[in-house]
Amino acid sequence: MTISGAAEAAAAPLSGQPYVRLATPADDAFVEDLQAIAFGPGRFARTAFRVRERFPIDPSLSLISEVDGTPSGSVWMTPISVGGIKGYMLGPLATHPNFRKRGAGKLLAREVSKRALARGEGKFVLLVGDQDYYCPLGWEITTPGNIQFPGPVDTSRVLLLSDDKDLAKTLKGPIAAFEAGA
């Protein structure tokens, strides 16, 4: 095997395993269909959807997982601020039912969070989700009621990922525009 052949083999995803790439406009129909499957028509009434209505997602932090070239999941990231601190809101994160239990969702959550925080512009990634799923990945429970959403939310499901391990307990305020943060 040549050196370039070895480099190509090292970069190629393993067969049957999910890998991540940036979303493109060609993925819009897949993402819309996937969100309809995963969250149903009620997704438009969810508080997290209201956040994304007010503040646009960052297309450079919109990722697709694929398995053997077939789209299998997606995640979006919305720049926000809370209490004057810049961060991101993860979601929606969805995996197509045909590809669940292969690690695509966790791969997407880890990768999009790593990319967002590596920019050095935001200090946290916030989400509303299941503790059993996200806490083993590094998310922590926030102080109930500290973060104000534009609608009802189960405060036990508000989780935060940050290098600052005190931030989950101290972050406080309404969700606002990214530009409003420091």
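This is a predicted model: local features need pLDDT of at least 70, side-chain atom pairs count only at pLDDT 80 or more; totals for chains, interfaces and linings use all residues.

**Exercise 1.** Classify the ring pair of Y133 and Y134, then find out which cluster the ring pairs build.

*Solution.* 
- Step 1: The ring centres of Y133 and Y134 are 4.9 Å apart, with 75 degrees between the planes.
- Step 2: Planes over 60 degrees apart count as edge-to-face, so the Y133 and Y134 pair is edge-to-face.
- Step 3: Y134 also pairs with W139, again edge-to-face, at 5.4 Å centre to centre and 70 degrees between the planes.
- Step 4: Together, Y133, Y134 and W139 are linked by ring pairs into a cluster.

**Exercise 2.** Decide for Y133, Y134 and W139 whether each is buried or partly exposed.

*Solution.* 
- Step 1: Buried means under 20% relative accessible area.
- Step 2: Y134 has 10%, so Y134 is buried.
- Step 3: W139 has 2%, so W139 is buried too.
- Step 4: Y133 has 29% relative accessibility and counts as partly exposed.
- Step 5: Now look over the ring of Y133: the charged end of K106 sits there, 5.2 Å from the ring centre.

**Exercise 3.** Locate T143 and find what its side chain reaches.

*Solution.* 
- Step 1: T143 lies in the loop between strand 6 (140-141) and strand 7 (147-148).
- Step 2: With a relative accessible area of 25%, T143 is partly exposed.
- Step 3: Leaving out residues up to four places away in sequence, T143 touches A168 and K169.
- Step 4: The T143 side chain reaches the backbone oxygen of K169 at 2.7 Å.

Terms used
Residues are numbered from 1 along each chain as its sequence is written. Side-chain values use heavy atoms; hydrogens and water are left out. Rings of Phe, Tyr and Trp (its six-membered ring) pair if their centres lie within 6.5 Å; planes under 30 degrees apart count as stacked, over 60 as edge-to-face and the rest as tilted. Buried means under 20% relative accessible area, exposed over 50%, partly exposed in between (1.4 Å probe, protein chains only). A charge sits over a ring if NZ of Lys or CZ of Arg is within 6 Å of the ring centre and within 35 degrees of the ring normal. Helices (H or I, at least four residues) and strands (E, at least two) are DSSP runs, numbered from the N terminus. Contact means heavy atoms within 4.5 Å. A polar contact is a pair of N or O atoms within 3.5 Å; within protein, one must be able to donate a hydrogen and the other to accept it, and residues adjacent in sequence count only if both atoms are side-chain atoms.
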